[in-house]
Amino acid sequence: MNRALVVVVVVLLVACHGTDRRTDRRTGASLPPEAKTAVASNMLRADYAGSQACSDCHADIWKVWDASPMRNMTRDGAHATIRAPFDGATVHVGQEAARMDLVDGQRIVTYTTPTATTRFRVTKVVGGHYREDFIGVDVDHPDGDRVLPATYVFSTKSWRYKGYSVMVKERPAMSAKGAWAEECVPCHNVMPLATYLYDELYGPKLPPYQGKMSDRVLPRDKTWTARAVDDGRLAAMLAGEIRFFGGTPVATDTHALLAEAAVTSNDRMTGDKLVELGVGCEACHNGSKAHAADPTRLPAFAARGDVVAVDPPRGQSGSRAQQINHQCAKCHTVLFSRYPYTWEGGQRNKNPGGSTTNSGEGRDYQLGGCASAMTCTTCHDPHAQDAPQKLAALATPAGNGTCTSCHSQYASADAVAKHAHHAAGGAGTSCVACHMPKKNMGLDYGLVRYHRIGSPDDVARVQGDRPLECALCHREKSVDTLVTTMERWWGKHYDRAALTRLYGPDLSRNALRAAFDGLPHEQAVAIATFGEAREVSAIPQIVPHLAHAYPLVRFYAQRALQTITGKPVAIDLNQSAAEIRPLAKAWLDALTEGPASP
């Protein structure tokens, strides 16, 4: 490990754990380094203390963390600061509607179908960085918290059907049947780590439960695995969890108890059964009750205990970097919904590549080449909201030091210019800009960086995805021009037959515009890229996507058109595609027939 990377690791250690553990919490006396030992167990419910226990010793970190978006991922609706306006706005899908009102100081969502009207009182709000989702209870017939059918998006200051937050096709109606306790709990709150592992320990066909976090589409050589260390202790833990939820254990063997614990948790989960509402300290640091009581016993990112073990993928050491990245990937690992396509020309249920939407970053990062030595926290502050200007700077030549601390051969401006074949100091010599391109669908109808660190000339990307990544900057270039240039610069060869299958027989066509004929996530990339560039000539190609089969892509088209023209696209995109098409045509006609070009 070179000196620069050592410095990064030391800084991260201080940032994550502080320096105040050199002092005995009870006596104030200094602690010798040899007095520090890792906690023996950090996975069971009894191992958790809650974030408030961290606030006295780690006061400075705790203060900024307590105000961060991750900490406030789930908030009590009665006391939370909520940005969404409950002012009578209504979302329609088919013959159903959700209306948001403030009634006697309470936020009420009125859900109307052709046969019934139900009023929900908001009890919880989820998110707050890019959007807010809402959880509520039926005012007249309380039967547990439900996921409410409306989402408020900050970037467009508009409401949207909650079901269109992910890549699903148009739906004929809304739904408010989703139970919060069965759908939204694991990644947005804190539960004991061991309770997330039932599916790993049981194997296929475990009954559904909300603790599942592992992504079954990671390659085998990247997948962490859980195993029982002691069947007797595991059985006792499972029986204890069943009793904690108010059930009575029936099974006696461990395998059956795993299924029973999953069913009991799924059926009886309520907010008071969590370790903590929202993302607490122990969501990442694991159970730290022993550390809170005795600062000489240090918390650990690695799972510890004599009940269950979590092993790194075969061939990996389980280094500190890998442990941290695994913690992040517990939640940032999803390929949302049943959308079948992934990057690298893959499909979710076979040969899956990287995720195409936000929240798969942790999984994607582990697919790349840097995850064994560099942590997610090298770029992202785990305790506070990332400053946008800081993240933006990482994607400029000034941010190359993050990469050249390991890849020292590219440390000089001349070396990176020679490697990139772009002018020294220009945007084309940014490591992050090329190796982590903006091609994933973010939460606010804008693109975010693809976290599978690789190269734009990787054969799998060039021959499997539209558009070529170089086209994200070189919007005017053809497929053939870009491919031929990459071959000349980096000594690669690309199968023209494979490219023809992607782009059609004419490889002289514009690479970015060709993505309009691609898969839905590829279309979103073209839409958002032209939108950010304010490319007027792309408007006729973007407008039809206002009626896209995948409604999430519609919102990308709407934002792009508004960015390009500076004019509103006042069309309700929650309507059916058939209803939207004539409205989209009328909008385009009005734009092109106006007194002045945009």
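Trainee: How many aromatic pairs does the count come to?

Mentor: Happy to start there, and keep in mind that this is a predicted model. Rings of Phe, Tyr and Trp pair if their centres lie within 6.5 Å. By this rule the count comes to 16 aromatic pairs.

Trainee: Are the rings of Y198 and Y209 stacked or edge-to-face?

Mentor: Planes under 30 degrees apart count as stacked, over 60 as edge-to-face. Here the ring centres are 5.1 Å apart and the planes meet at 20 degrees, so the pair of Y198 and Y209 is stacked.

Trainee: Where in the chain are those two, Y198 and Y209?

Mentor: Both Y198 and Y209 are buried. They are 11 residues apart and link distant parts of the chain. Y198 belongs to helix α4 (residues 198-202), and Y209 to the loop between α4 and β10 (225-228).

Trainee: And what about Y339 and Y550: stacked or edge-to-face?

Mentor: This pair also links distant parts of the chain, 211 residues apart, and both Y339 and Y550 are buried. Their ring centres lie 5.4 Å apart with the planes at 90 degrees, so the pair is edge-to-face.

Trainee: Which residue has its charged end over the ring of F244?

Mentor: Good one! A charge counts as over a ring if CZ of Arg is within 6 Å of the ring centre and within 35 degrees of the ring normal. At 3.8 Å from the centre of the F244 ring, the charged end is that of R45.

Trainee: Which residue lies over the face of W343?

Mentor: Look 3.9 Å from the ring centre of W343. The residue lying over that face is K439.

Methods: Residues numbered from 1 in each chain as written. Predicted model: local features only at pLDDT ≥ 70, side-chain atom pairs only at ≥ 80, totals over all residues. Heavy atoms only, no water. Phe/Tyr/Trp six-rings, centres within 6.5 Å; stacked < 30°, edge-to-face > 60°. Helix = DSSP H or I, 4+ residues; strand = E, 2+ residues; numbered from the N terminus. Buried < 20%, exposed > 50% of the residue type's maximum accessible area, 1.4 Å probe, protein only.
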